[in-house]
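Visitor: I would like to learn how to read a model like this one. Please take me through it feature by feature.

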Amino acid sequence: MSESTGSEGRAAPPTVLVLDAPSPAPPPRLGALTGRARIRHTDAGGLAGELPHADVLLVWDFLSDAVRHAWPGEGPRPRWVHTASAGVDRLMCPELVASDTVVTNARGVFDQPIAEYVAALVLAMAKDLPRTLALQGERSWLHRESQRIAGTRACVVGSGPIGRAVVRTLKALGITTVLVGRRPRTGVHGPADLDRLLARADWVVCAAPLTQDTRGMFDERRFGVMQPSARFINVGRGPLVVEEDLVAALSKRWIAGAALDVFESEPLPPDSPLWTAPGLLVSPHMSGDTVGWRDELGAQFVKLYGKWEEGRSLTNVVDKKRGYVPGH
């Protein structure tokens, strides 16, 4: 903890620096830390100047690259960094990886909400709901047949908590589901099986972390492996997909459709060809954001802080070299 002392010789509480998210996002509710921590707030522009004075950094603006840019500066650095996100790719720089700073993430908060969102996308595409809404806007009565999803096959890529929640939810809908992770083990296929499983899947769901091994893993070759009736869903990270290859695959009808909730560049630029790619559903990185999600993230940090201030082992500790929480 902080070595500084107050005016009466008592040890001052540790300083928690919060990298705030831009307005209108509210700040985290940290009232439970009153008297236990000195809370300071900063934006991306002030982060570099504040880092040397912080014991803990809470990355509330998890879409920011500010930590990666500010961390290499001079002076002390926080001993613990917590990000209010599942992914940590926007934080990491060589200096942070090499440091003894502990990094934790929001593992556990987004698992089921994202799984439900994936299920909603599967149902929407199978039942042709986007076209139904478009036809309603045109006051057009056009009877069609929809697809039955029970008995179809899904391949979920990413064996972490989010991927496993997706598997459970899709299985509840009667979908035969396989899971692919970084290494084979009971109930999980390894990367060597991926192409074979993609070739049989009706639904391909990407929920993998972004690492050097996974960047651009869904490219022209992988979309070419999929069957023409397949649909692709990405709720992992945007750079997992070569976006121009996906646009080409949809335009050439190599696959039947896709849904993206994450993108290489966010917000998605108005001139991006993804907006008009045939059969593509675009959503603004919202698959895990349900009512009350920010309160849940704040409560998770407060709980972790309790362990940290007592010197107990933290949960959700990220392997900084791998880029994710090990053990799954």
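**Reading the fold**

Guide: Start with overall size. For 328 residues, a compact globule would have a radius of gyration near 20 Å, and the protein chain has 22 Å, which agrees. That radius is taken over C-alpha atoms, and the globule rule is 2.2 Å times the number of residues to the power 0.38. Along its principal axes, the C-alpha trace spans about 80 × 45 × 35 Å.

Visitor: What should I know about the model itself?

Guide: This is a predicted model: local features need pLDDT of at least 70, side-chain atom pairs count only at pLDDT 80 or more, and totals for chains, interfaces and linings use all residues. Residues are numbered from 1 along each chain as its sequence is written, and side-chain values use heavy atoms, with hydrogens and water left out.

Visitor: How many helices and strands does the protein chain have?

Guide: Helices (H or I, at least four residues) and strands (E, at least two) are DSSP runs, numbered from the N terminus. Here there are ten helices and eleven strands.

Visitor: How is the protein chain divided into domains?

Guide: Domain bounds come from an automatic or database domain assignment. Domain 1 is 15-108 + 291-310, and domain 2 is 110-282. Their centres, taken over C-alpha atoms, are 31 Å apart. Contact means heavy atoms within 4.5 Å. Eleven residues of domain 1 are in contact with eight of domain 2.

Visitor: How do I read a core?

Guide: In soluble globular proteins, nonpolar side chains tend to be buried together. A nonpolar core is a set of buried Ala, Val, Leu, Ile, Met, Phe, Trp, Tyr and Cys residues joined through side-chain atoms within 4.5 Å. Buried means under 20% relative accessible area, exposed over 50%, partly exposed in between (1.4 Å probe, protein chains only). In this chain, 50% of the 328 residues count as buried. The largest nonpolar core has 50 residues; Val118, Leu170, Ile233, Phe301 and Tyr305 have the most contacts inside it. Elements giving two or more residues to this core include helix H4 (111-126), helix H6 (161-172) and helix H10 (293-309). H4 supplies the largest share, nine residues.

Visitor: Which residues does Phe301 touch?

Guide: Beyond four places in sequence, Phe301 touches Val16, Leu30, Leu33, Val56, Leu58, Trp80 and His82. A second, separate core of 31 residues includes Val157, Leu198, Ala208 and Phe232.

Visitor: How do I check a helix?

Guide: Compare its span with expectation, which is 1.5 Å times one less than its number of residues. The twelve residues of H6 should span 16 Å, and its end C-alpha atoms are 17 Å apart, which agrees. H10 has 17 residues and reaches 24 Å, close to the 24 Å expected.

Visitor: What covers the buried residues of H6?

Guide: Among the buried residues of H6 are Ile162, Val166 and Leu170. Their cover includes H4, strand E6, strand E7 (176-180) and strand E8. Gly174 follows H6 with a positive phi, near 90°.

Visitor: What do the buried residues of H10 pack against?

Guide: They pack against strands E1, E3, E4 (80-83) and E5 (102-104). Those buried residues include Trp293, Leu297, Phe301 and Tyr305. Gly311 follows H10, again with a positive phi, near 75°.
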